Amino acid sequence: MTRFDVVTLFPEMFDAVTRFGITGRACERKLAAVVAHQLRDYAYDTYKTIDDRPYGGGPGMVMMAGPLTEAVVAVKAQQQAAGYGPGPVILMSPSGQRIDQSMIDRLAQGPACWTLVCGRYEGVDQRFIDQQVDECWSLGDFVLSGGEIAAMAILDAVIRKLPGALGEPESAIQESFSQQGPGGGILDWPHYTRPEVFAGEAVPDVLLSGHHERIADWRKRAALAATQKLRPDLLATPSGKPDPGGKAST
Ligand code: 9D3
């Protein structure tokens, strides 16, 4: 079982991962465990203070190194007591490295335990990062109000890739398309279900033909056309030029 410990001011938010859908089922079936820890439990004072004003002045508050360190040390002890080897400590941070699917795929095959730390406020005392954090991860260049939703996105993406988390048909579909395109992905083909005609628009004939080879061919072309139109960057070669007929068209 892959274990994820999360340090956060809002542990209840992680019910979204543990209770619903594919990730909920994976947790139920003990493929994954998500343990959310309340950072305030590791505060020093009766007011449960975990943040303070920034040295040097400026707006906002900074999360103190002390409570974060206490929390991470306690989490590591719990992981060890449960029989896990040491795993990486990841800080969710807008200045971290950007996560993509190829990284998620590697994570899903990686260590059996992880510690994810979620920040709030303007930031985290650098000494905690220097002393306790192995990597900083970001979802991309937009501003969230804290690391929790970013951590949940990572958890969702990793847990659904754990062996056995998806039903067999789903994982087979995934497998055949995970290697296309430089970033490990091209877009989906357009999907249709009943009725055959909706608001005057018909389902493409080929999908009703029952001709499996022609359907597969249509889907491949439609996926490539959608990618070219909506996300040409996914087809670009490392040189930055669009790929005229490389990997993704094979
Ligand atoms: C004014 C400087 N801000 C940095 C962009 C301060 C700041 C804003 C928001 C500091 C922390 C946050 C909270 N965001 C996260 O913790 C976060 C995040 C994000 O905002 N975007 C994308 N990925 C992530 S991972 C964690």
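These are my notebook entries on a few places I looked up in this structure.

**Ground rules**

I am working with a predicted model, where local features need pLDDT of at least 70, side-chain atom pairs count only at pLDDT 80 or more, and totals for chains, interfaces and linings use all residues. Residues are numbered from 1 along each chain as its sequence is written, and side-chain values use heavy atoms, with hydrogens and water left out.

**Entry 1: the overall count**

I began with the secondary structure and found eight helices and 10 strands. Helices (H or I, at least four residues) and strands (E, at least two) are DSSP runs, numbered from the N terminus. Next I looked up burial: 40% of the 250 residues count as buried. Buried means under 20% relative accessible area, exposed means over 50%, and partly exposed is in between, with a 1.4 Å probe and protein chains only. Then came the contacts (heavy atoms within 4.5 Å). Among contacts with a separation of 6 or more, 76% join residues 24 or more positions apart.

**Entry 2: Val 7**

I picked Val 7, which is found in strand S1 (residues 2-8). Is Val 7 buried or exposed? Val 7 is buried, with a relative accessible area of 1%. Leaving out residues up to four places away in sequence, I listed what Val 7 touches: His 37, Leu 39, Leu 68, Ala 71, Val 75, Leu 116, Val 117 and Cys 118. I also checked Val 7 against Gly 119: they are 112 residues apart in sequence, but 8.8 Å apart in space, C-alpha to C-alpha.

**Entry 3**

I traced an open sheet of three strands, in the order S3-S4-S7, with mixed pairing. Two strands pair if DSSP finds at least two bridges between them. Strand S3 (51-52) and strand S7 (123-124) are the edge strands, each pairing on one side only. Strand S4 (residues 62-63) and S7 run parallel in their pairing, over two bridges. For Val 62, the bridge partner in S7 is Gly 123. A reminder to myself: strands of a sheet pair through backbone hydrogen bonds, either parallel or antiparallel.

On a 1 Å grid over the protein atoms alone, a cavity is a set of points where a 1.4 Å probe fits but cannot get out, and a pocket is an open set with protein on both sides within 12 Å along at least five of seven lines; lining residues have an atom within 4 Å of a point. Grid points are joined across faces, edges and corners, and a volume is the space filled by probe spheres set on the points.

Phe 4, Leu 107, Trp 114, Leu 116, Trp 137, Ile 154 and Val 158 line this largest cavity. Strand S6 (113-118) and helix H6 (148-159) are the elements that give two or more residues to that lining. By class, the lining has seven nonpolar, no polar and no charged residues. Here Ala, Val, Leu, Ile, Met, Phe, Trp, Tyr, Cys and Pro count as nonpolar, Asp, Glu, Lys and Arg as charged, and the others, Gly among them, as polar.

I then looked for aromatic pairs and found one. Rings of Phe, Tyr and Trp (its six-membered ring) pair if their centres lie within 6.5 Å; planes under 30 degrees apart count as stacked, over 60 as edge-to-face and the rest as tilted. The pair is tilted, because the rings of Trp 114 and Trp 137 have centres 6.1 Å apart and planes at 55°. Trp 114 lies in strand S6 and Trp 137 in strand S8, so the pair ties together parts 23 residues apart in sequence. Both tryptophans, Trp 114 and Trp 137, are buried.

**Entry 3: a pocket and Tyr 121**

The second largest pocket holds about 440 Å³ of space. Its lining has 24 residues, of which Met 92, Ser 93, Pro 94, Ser 95 and Tyr 121 lie nearest the centre. The largest share, six residues, comes from S5. Tyr 121 sits in the loop between S6 and S7 and is partly exposed, at 39% relative accessibility. Its phi is near 65°, a positive value in a residue other than glycine.
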